[in-house]
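I wanted a quick look at the overall fold before picking one residue to check.

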Amino acid sequence: MYKFDYLVFIGRFQPFHLAHMLTIEIALQQSHHVVLALGSAQAERNIKNPFLAHEREAMILSNFVDEDKQRIHFVHVIDVYNDEKWVKQVKELVNQVIQPNSKVGLIGHFKDESSYYLKLFPEWSMVELESLKASMSATPMREDYYRGEIKTQAFPKGTIQFLEQFQQTSTYKTLQQKFLTGDRSNLDIVDLDE
């Protein structure tokens, strides 16, 4: 029935938009399980990475039915600025959630030069997707979000609800202020809303 036991989808999902969701839906059609490798999973926030890993997990899962949620697994990938160490980390994390001797693939789209990492896993069969939703990019979506806008046509329902709730927090207001003033420093690891 499935071509793969596991398909790995690597991304930051900051925030999770419709092209991400379509990719996971395609992966669920081709693979028994999907492993989402959440990049930038260190416990700090900044303009580029406003949402912590556990928040992104909740945001993503809120868009799927229970049956699909059972098939979606997460690993948290910490930023390391060395491709060899990063690839090793991703493989080790994925190997912790997959069964031995599984058929593993990698799903993604070569959007631009930042997608080069998709070629760093030659032992995983590549499922290359065409541009989904006109090459959506989370960067302008985040910028709109910091300006107080949520482009509802770009997000699934669960993401919209998450973004609306997060907008009510002091953490959002601090990030928004940093964006508007051009301050790109990280927030303290301690959450403002806890």
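Predicted model: local features only at pLDDT ≥ 70, side-chain atom pairs only at ≥ 80, totals over all residues.

Before counting anything, I settled the term: two residues are in contact when they have heavy atoms within 4.5 Å. With that in hand, I looked at contacts in the protein chain between residues at least 6 apart in sequence, and 68% of them join residues at least 24 apart.

Fold. I went through the secondary structure and got seven helices and five strands for the protein chain. Reading along the sequence, I wrote the pattern down as β-α-β-α-α-β-α-β-β-α-α-α. I then checked the radius of gyration, which is 17 Å against the 16 Å that the globule rule gives for 194 residues, so the chain is as compact as a globular protein of that length. The box around the C-alpha atoms, taken along the principal axes, is roughly 50 × 35 × 30 Å.

Surface and charge. I found that 51% of the 194 residues count as buried. The accessible surface comes to about 10200 Å², and carbon and sulfur atoms hold 50% of that. For charge, I have 21 positive and 26 negative side chains, with the centres of the two sets 2 Å apart.

One residue. I picked Asn 49, which sits in the loop between strand E2 (31-38) and helix H2 (53-61). Is Asn 49 buried or exposed? Its relative accessible area is 6%, and the cut-off for buried is under 20%, so Asn 49 counts as buried. What is Asn 49 in contact with, leaving aside its neighbours within four places in sequence? I noted Arg 12, Gln 14, Ser 40 and Glu 44.

Definitions and conventions. Residues numbered from 1 in each chain as written. Heavy atoms only, no water. Helix = DSSP H or I, 4+ residues; strand = E, 2+ residues; numbered from the N terminus. Rg over C-alpha atoms; globule rule 2.2 N^0.38 Å. Buried < 20%, exposed > 50% of the residue type's maximum accessible area, 1.4 Å probe, protein only. Areas by Shrake-Rupley, 256 points an atom, 1.4 Å probe, with all protein chains shown as cover. Lys, Arg positive; Asp, Glu negative; His and termini not counted. Charge placed at Lys NZ, Arg CZ, Asp CG, Glu CD.
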